[in-house]
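Here is a short briefing on one protein model. Look at the sequence and the 3D view first, then work through the points below.

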Amino acid sequence: MLRLGAVVMNVSDVDKAGAFWSAALGYARQPHNPAFLVPEHGSGVRLHLDVEDRTHLDLWADGEQDQRAEVERLITLGARRVEWEYPDDADFVVLADPDGTLFCVIA
């Protein structure tokens, strides 16, 4: 089953947005990548700040086999594959929901 892993939010300034959203949500910026914010206490959805990518959801699957099955399940529900230039080591598939909103399924 898929789980909501991250909300990717388009921002103009990662540092400024990171300071605001960390304080607003009680999230901690990750030392290895300050654009990734995670709940300070317990688990939860990660917030990923990005100056280039558009705002979208990252849905996490449990491995590549689960990812393939979930992509096919989402397509039967009305999602569609979109043209995308993937890096060689891509661990994600980009789909669009029935309204055309893009989201990723990540293994």
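**A hairpin to start with**

S7 and S8 form a hairpin, with five residues between the two strands. In the turn, Gly100 has a positive phi of about 95 degrees. Keep in mind that this is a predicted model.

- Strand S7 covers residues 92-96, and strand S8 covers residues 102-106.
- The two strands, S7 and S8, are antiparallel and share five bridges.
- S7 is mostly covered, as four of its five residues are buried.

- S2 and S3 form a hairpin with two residues between them.
- Four bridges join S2 to S3 (residues 33-39), and the two strands run antiparallel.
- Gln30 has Asn33 in S3 as its bridge partner.
- Tyr27 stands opposite Pro39 in S3.
- S3 and S4 form a hairpin too, with six residues between them.
- Gly42, in the turn of that hairpin, has a positive phi of about 90 degrees.
- S3 and S4 run antiparallel and are joined by two bridges.
- Leu37 has Leu47 in S4 as its bridge partner.

**Nonpolar cores**

- The largest nonpolar core has 10 residues, including Leu2, Leu59, Val71, Leu74, Val93, Leu95 and Phe103.
- Helix H2 (64-76), S7 and S8 are the elements that give two or more residues to this core.
- A second, separate core has eight residues, among them Ala17, Tyr27, Leu37 and Leu47.
- What does Leu95 touch, leaving aside its neighbours within four places in sequence? Its contacts include Val71, Leu74 and Ala79, along with Arg81, Phe103 and Val105.

**A glutamine in the helix**

- Gln67 lies in helix H2.
- Is Gln67 buried or exposed? Its relative accessible area is 8%, so Gln67 counts as buried, the cut-off being under 20%.
- Beyond residues up to four places away in sequence, Gln67 touches Ala61, Asp91, Phe92, Val93, Val105, Ile106 and Ala107.

**The largest pocket**

- How much space lies in the largest pocket? It holds about 260 Å³.
- There are 15 lining residues, and the closest to the pocket's centre are Asp53, His56, Asp58, Phe92 and Cys104.
- S4 (46-50), S5 (56-60), S7 and S8 each supply at least two residues of the lining.
- S8 gives the largest share, four residues.
- By class, the lining has eight nonpolar, two polar and five charged residues.

How values were computed:
Residues numbered from 1 in each chain as written. Predicted model: local features only at pLDDT ≥ 70, side-chain atom pairs only at ≥ 80, totals over all residues. Heavy atoms only, no water. 1 Å grid on protein atoms, 1.4 Å probe; cavity = no way out; pocket = protein on both sides within 12 Å on 5 of 7 lines; lining within 4 Å. Points joined across faces, edges and corners; volume = space filled by probe spheres on them. Nonpolar A, V, L, I, M, F, W, Y, C, P; charged D, E, K, R; others polar. Buried < 20%, exposed > 50% of the residue type's maximum accessible area, 1.4 Å probe, protein only. Pairing = 2+ DSSP bridges. Core = buried A, V, L, I, M, F, W, Y, C linked by side-chain atoms within 4.5 Å. Contact = heavy atoms within 4.5 Å.
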